Protein chains: 2
Amino acid sequence: MKLSTKGQYGVRAMFDLAQHFGQGPVSLKMVAERQDISEHYLEQIIAGLRKAGLVNSIRGAQGGYILSKEPSAITVGDIIRVLEGPVAPVDCVNEELTERCARADQCITKMIWAKVRDSIEQVIDGITLADMVKEAEKMRFAEGNYMYHI
Amino acid sequence: MKLSTKGQYGVRAMFDLAQHFGQGPVSLKMVAERQDISEHYLEQIIAGLRKAGLVNSIRGAQGGYILSKEPSAITVGDIIRVLEGPVAPVDCVNEELTERCARADQCITKMIWAKVRDSIEQVIDGITLADMVKEAEKMRFAEGNYMYHI
DNA sequence: ATAAATCCTACTATTTTAATAGGATTTCTT
DNA sequence: AAGAAATCCTATTAAAATAGTAGGATTTAT
């Protein structure tokens, strides 16, 4: 029941882009540094996100990446589906597979995995990059207050 | 975001035992046949469940496995945790790891994975083997009705 | 005695994961 | 025009996890 680093890194990278949305293109080098991720590996990850249309790229010096939509229009689910494939704990509840589970009629467990899938989707489709940025600002504020009072 | 076959098979095997609860020990051979799982592989899986105290075994001819508790006292979550480890999409929300995420203070994504984890747990800890057996009986009834009307 | 079962350790092929390597191309800046 | 800073692209690889297999030792009902 694990998310690979690809999904984790992807969400963190997109979050980073969201935090700098409206400030022009952000280079991978900066993202990789701030998020402590291998730049080369991040390249592959963001390539997927670009092909899926979640980010736009600008080549050449002073180039970089920009979210293709407003942070409020991109959810964590969008990112995870691109990098990890459809959310389905097991294949027989994968809605993209047309062939049915061979033993579907007796597959009572199928209902369970469907419920797990639905609950995961409800969470990740309900959180946008804008939500994350907002939350991070709240945290930073709380931190600042704390420091001040020491 | 996948569950390995170990977890899937384990739940199906336990479900099988639940369906025959009260009828004496059930051999792996029967479970493997009915659930269409390699008997040898199932052996390894059930060994984990036995060591965790979820099933009791009876050796020798006419032996087999019996749930250690009533089906209503065993949840899907119990089974999955034994076979797949703690439910945590990423390590920094794994409550069993005492060491904290190195960049926890800026780890806004941590909150997301925690929410995902919680929603998964709410589902799998809320379903008992007894629920599954009941549901399967309902399905069988519906199926029978359907056949009758053809 | 035999057969049916659990128990146990080790091995292995395949796939996935998580990168690394090495360059080709594009574009801004000077 | 040169150089630097970036994206883009393909291939390779080491390590781990996955999904089993193999082969027997032990226990117990019949």
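Of the atoms of DNA strand D within 4 Å of the protein, what share belongs to sugar or phosphate, and what share to bases? Sugar or phosphate takes 61%, and bases take the rest.

This is a predicted model, in which local features need pLDDT of at least 70, side-chain atom pairs count only at pLDDT 80 or more, and totals for chains, interfaces and linings use all residues. Residues are numbered from 1 along each chain as its sequence is written, chains are lettered from A and ligands numbered from 1 in the order written, and side-chain values use heavy atoms, without hydrogens and water.

Start at the DNA. A polar side-chain atom of Tyr65(A) lies 2.8 Å from a phosphate oxygen of DNA strand D. For Thr5(B), the corresponding distance to a phosphate oxygen is 3.0 Å. Gly60(B) reaches a base oxygen instead: a backbone N or O atom lies 3.5 Å from it.

Now turn to the protein pair. The contact (heavy atoms within 4.5 Å) takes 38 residues from chain B and 38 residues from chain A. About 3,400 Å² is buried between them; this is accessible area (1.4 Å probe) that two parts lose on being put together, summed over both. Carbon and sulfur atoms give 69% of that area.

Two salt bridges cross this interface, each a side-chain nitrogen of Lys or Arg within 4 Å of a carboxyl oxygen of Asp or Glu. One joins Asp91(A) to Lys2(B), with the closest N and O atoms 3.8 Å apart.

Conventions:
Near = heavy atom within 4 Å. Polar contact = N/O pair within 3.5 Å; in protein donor to acceptor, adjacent residues only side chain to side chain.
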